[in-house]
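Hi,

Here is the structure I promised to send over. Have a look at it first, and my notes on what turned up follow below.

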Amino acid sequence: MQKHIVVIGAGPAGLESSANLSNLGFRVTLVEKEEVTGGHLNKWHALFPSLASGKHTIEAIVKGLNPGIKIQTATKVTGIEAVNDYFTVSGHNGWQEKADAVVLTTGFQLFDSHRKEEYGYGIYENVITSADLEKQFASGKEFVNRQGKKPERVGFVHCVGSRDEKVNNLHCSKVCCITAVKQAIEVKQMIPEADVFCFYMDLRMFGRHYEELYKQAQEKYNIQFIRGRLSESTEDKDGNIIVKVEDTLLGKPLRIKVGLLVLMAGMEFPPATKALTNMLGLKNVSDGFIQPLDEVLHSNLTEIPGVFIAGTCSGPKSVSDTMADARSAALAVAEYLK
Amino acid sequence: MEKKVKNFGYSVTRDRQIDFDANNHDVGKIVALAEPTLHLCISCGTCSATCTASQFTEFSLRQVILLVRRGETKGLLKEVSKCMLCGKCQLVCPRNVSTRNLIIQISRALCNHEVSGSAMLKP
Amino acid sequence: MKLEGKRLIWQEYQKEIADDHYFYARSCIRQTFFPGAEAVFVKIMKDELGKDIHDEQHHTSCTGIGYHADVVPFDTTMTVIARQFALMTEAGYENYAASCVTSFGLYTEVLETWHHFPEKEAQVREFLYKATGREFNKPKNLAHASDIVYKFRHQIAAKAKYKLIDKNTGEPLKVVEHIGCHYSKMFPHKGIGGAEYPYVLSGMIEAWGGEVIDYPERRHCCGFGFRQYIVQANRGFSLSCSKKKFDSMEPYQPDMIITNCPGCPMFLDRWQYALSEMEGKTYGKNNNGIPVFTYEEVAGMIMGYDPWKIGLQLHQVSAEPLLDKIGIPYDPLSKFKGKNGEDLGIPETPNYLKFYAD
């Protein structure tokens, strides 16, 4: 009999795992809590380092889906139970399926920047997040701040909700550094006369072509990188944002006014997924993300046979890393069901 | 009329904070135009580690570049004059910053700024 | 600025404040800095709100100044504070109300220390018993006096004769609120509104008709800081901290500054004089300064208490222009009269800061 796999979460990891599993001859049900598939990528205008369109990327992934895959949207998974040699997966709306294997591709949630109270997100109108900026880019509208003015200066704050034990997140979210560089360049392309600043602790340009993009940001776009973590932001009379940071390479505090401040919100493990992993008895390590059976040898396996992981539910990843991880998870499932 | 000043035994302390908005950024702009590799510096410090002057004085090209970028140019001309233009820094720079010319351009812009109040080069 | 954003944060930082029966511990320095403030608090609590408040005669300093200036060790501080709690227990009270922000911070610090290290509490109980024969209960409720005024701000507004409104234009006065660092920077959850956007004074200003100003250096310390102030040669540091704040708030043309700390109003007030004498600079219109008040004085002002009875003549920056703006009457001739009408003489006139003496 054809084996059945339930994949939970239809972002890039879930879509790509499902496509591969279906191509390998399995029956696949892809369940998604939202009305549409695509996850965070739906809201992301352009991807680093190539500036490929988020929308086109999702469309290309969806195009690869075999028509045999059953896509169950608007269904929030509320129960997973291991029964003998199969799993019963059930949703909030009464949906239920039996599965021979389950792939968790539940992804991340964006750090809620309100929690960094001192940065003023939700209070000062010209403090926005990287996700808000992508929405603004995607809207195709003229690039203006909340006063309807072209900002003369734009600041990017790295590591918001990442590498910060004050918000209980010790981990690096990996993608924010390169996203800031990408978005800084996009801002400069829209407003060439603007001065753009990145406030960073370390620049982690780990991926291929990332360092090149960083160099381009400096050389071609004159984006300034100031090494220091933002301590606070406030608003002046005209709605500009005044930021305080230490220029750690000069060893002096620095004060600068920007017309728009962008917070590079990091990745967190979503509490809703935590409920599922608790139900399964899966280990989350101190950073909250799901711990694979072995980080080097079995990165898609969990300690429960038949439960697999792919994408950012096991830690922050770029889209390309997520895609590779999704394909590798499909192979791991095939191996298990052989 | 001269203002009466009381002696309190203390006075207003100089603010250490770099006030980016209040600083003059002319020197930085002129230098970047004259030597665009200024933009490429990543503050790694290789230049100052190898610099002869840095071994015996407070001179640091890494810091000079940052000070120019932040508009903190007061007293910088004296700093820059410590460079002996040996060119060792240029050999080691991983980003191919043209450090010798950069020093020359910084000195020139600072001199112009000091003499004429503007960093603009006279034709 | 989106006020809803602040309101969301304020919701997260609320705390329980006792409704009645307070054991009141005064501040070491406030009675000499702004002598009317504490008296106004006691009067409003008793006479206007009908609350039971025990104004203890025998309590001492909490040691806060010495503790923060590194001359009193923490074990001594904890034992002195244990004695204050013993006085509260002996007087039959459970709700401790501290007049001083640093004391409030220190009491919180001590209670937190005992919570996490019960052996410390046991040791302090032993110290206190050996030294004085006293025993104590920990307060059921610990509040700063500004928390209490915040709690009853609407009742005070209902009884007030005046509002923080320009009587000529009907516009709300522009008010800077300044919170003492030790109020909530050490324990954000112990302060109304938290540490980044404290609401304790903003709530009073709103309730009393004024408009709160949020200026870039709002969170900056006034510069008092004990250590740097105590040594004369270091006072420039303290002065410069206040100057940073004045320079930052000046473009908003504030009508007044309200504070909830013993040190802040003293320094924000006196440094305006020092800065004017050093640099000829004043921060208000027509060589006036920006008047600085404690929240109790402001409560007394809007209640319609005689400005000279609540000690406003002891401010270096004159209160008169503000009193005129609100429409609070005062007798210029009795500004420097003593309790029984005796003439106390007129203080030395500043060179730059405007001074009102008749």
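Lys190(C) and Glu112(C) make a salt bridge, with 3.7 Å between their closest N and O atoms. Keep in mind that this is a predicted model, so that distance is a computed one. The rule finds two salt bridges across the interface of domain 1 and domain 2 of chain C, along with three residue pairs in polar contact.

On the domain 1 side, the elements that give two or more residues to the part touching domain 2 of chain C are helices H2 (30–33), H3 (36–48), H4 (64–68) and H6 (101–116) of chain C. H3(C) gives the most, with eight residues. Sorted by class, that side of domain 1 has 15 nonpolar, seven polar and seven charged residues.

Now the wider picture. Domain 1 of chain C covers 19–145 and domain 2 covers 161–334. Taken over C-alpha atoms, the centres of the two domains of chain C are 26 Å apart. As for who touches whom, 29 residues of domain 1 of chain C are in contact with 28 residues of domain 2 of chain C.

How much area is buried between the two domains of chain C? It comes to about 2600 Å², and carbon and sulfur atoms give 73% of that. Phe33(C), Phe34(C) and Val101(C) are the trio to click on here: they supply 26% of the area that domain 1 of chain C buries against domain 2, more than any other three residues.

Cheers

Methods
Residues are numbered from 1 along each chain as its sequence is written. Chains are lettered from A and ligands numbered from 1 in the order in which they are written. This is a predicted model: local features need pLDDT of at least 70, side-chain atom pairs count only at pLDDT 80 or more; totals for chains, interfaces and linings use all residues. Side-chain values use heavy atoms; hydrogens and water are left out. Domain bounds come from an automatic or database domain assignment. Contact means heavy atoms within 4.5 Å. Buried area is the accessible area (1.4 Å probe) that two parts lose on being put together, summed over both. A salt bridge is a side-chain nitrogen of Lys or Arg within 4 Å of a carboxyl oxygen of Asp or Glu. A polar contact is a pair of N or O atoms within 3.5 Å; within protein, one must be able to donate a hydrogen and the other to accept it, and residues adjacent in sequence count only if both atoms are side-chain atoms. Helices (H or I, at least four residues) and strands (E, at least two) are DSSP runs, numbered from the N terminus. Ala, Val, Leu, Ile, Met, Phe, Trp, Tyr, Cys and Pro count as nonpolar, Asp, Glu, Lys and Arg as charged, and the others, Gly among them, as polar.
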